[in-house]
Amino acid sequence: KPNTDDMREAPSRTLMEALWQSEAIVQAYDPVAMKEAGRIYGKHPSLTLCKDMYAATQGVDALVICTEWKQFRVPDFTEMAARMRRKVIIDGRNLYSPKKLLSEGWEYKTIGRASCSAK
């Protein structure tokens, strides 16, 4: 949820818990909810709470956007690509331009609009 640390009924919780059931490892970052996430999940073995948004992309197979924080709207895509294993973004908030990401070789999946991927 943007502009709050309130994680009650947050889509990110549902997603993380589903990912863990599939034995995924989650690296997460939120500008203000890190303390609350730590309180809720403690030292969950498949969760790393990261110090910033770029640290959360280090070595990941995909980036999932669950909230529309202002600082997430204009990231350094070159920095992210250098850190990630694959250039894959799953955007639940439609923050980015599909045309721009496609031209830069990203696979970009969105909710509520057509997705795109580089061939």
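**A chat about a predicted model**

Me: Where does asparagine 94 sit?
Reply: In this predicted model, asparagine 94 lies in the loop between β4 (88–91) and α4 (98–103).

Me: And what is its phi angle near?
Reply: The phi of asparagine 94 is near 55 degrees, which is a positive value in a residue other than glycine. Most residues other than glycine have a negative phi.

Me: Is glutamate 23 buried or exposed?
Reply: Glutamate 23 counts as exposed, since its relative accessibility is 73% and the class begins over 50%.

Me: Switching to aromatics, how many aromatic pairs are there?
Reply: A search of the whole structure gives 5 aromatic pairs. One of them joins tryptophan 20 and tyrosine 41, whose ring centres are 5.1 Å apart and whose planes stand at 80 degrees, so this pair is edge-to-face.

Me: Which parts does that pair tie together?
Reply: Tryptophan 20 belongs to helix α1 and tyrosine 41 to helix α2, so the pair links parts that are 21 residues apart in sequence. Both tryptophan 20 and tyrosine 41 are buried.

Me: Which residues form an aromatic cluster?
Reply: Phe77, Tyr96, Trp106 and Tyr108 form one aromatic cluster.

Me: What does phenylalanine 77 touch?
Reply: Leaving aside residues up to four places away in sequence, phenylalanine 77 touches Ile89, Tyr96, Lys100, Leu101, Glu104 and Trp106.

Me: And how many residues are in the largest nonpolar core?
Reply: The largest nonpolar core has 16 residues, and Phe77 is among those with the most contacts inside it, together with Met80, Ile89, Tyr96, Leu101 and Trp106. The elements that give two or more residues to this core are β3 and α3 (77–83). Apart from it lies another core of 9 residues, including Met7, Ala33, Ala37 and Leu47.

Me: How much space lies in the largest pocket?
Reply: The largest pocket holds about 930 Å³ of space. It is lined by 42 residues, of which Val26, Gln27, Ala28, Tyr29 and Val64 are the closest to its centre.

Me: Which element gives the largest share of that lining?
Reply: The largest share, 5 residues, comes from α1. By type, the lining divides into 31 nonpolar, 6 polar and 5 charged residues.

Note on methods
Residues are numbered from 1 along each chain as its sequence is written. This is a predicted model: local features need pLDDT of at least 70, side-chain atom pairs count only at pLDDT 80 or more; totals for chains, interfaces and linings use all residues. Side-chain values use heavy atoms; hydrogens and water are left out. On a 1 Å grid over the protein atoms alone, a cavity is a set of points where a 1.4 Å probe fits but cannot get out, and a pocket is an open set with protein on both sides within 12 Å along at least five of seven lines; lining residues have an atom within 4 Å of a point. Grid points are joined across faces, edges and corners, and a volume is the space filled by probe spheres set on the points. Helices (H or I, at least four residues) and strands (E, at least two) are DSSP runs, numbered from the N terminus. Ala, Val, Leu, Ile, Met, Phe, Trp, Tyr, Cys and Pro count as nonpolar, Asp, Glu, Lys and Arg as charged, and the others, Gly among them, as polar. A nonpolar core is a set of buried Ala, Val, Leu, Ile, Met, Phe, Trp, Tyr and Cys residues joined through side-chain atoms within 4.5 Å. Buried means under 20% relative accessible area, exposed over 50%, partly exposed in between (1.4 Å probe, protein chains only). Contact means heavy atoms within 4.5 Å. Rings of Phe, Tyr and Trp (its six-membered ring) pair if their centres lie within 6.5 Å; planes under 30 degrees apart count as stacked, over 60 as edge-to-face and the rest as tilted.
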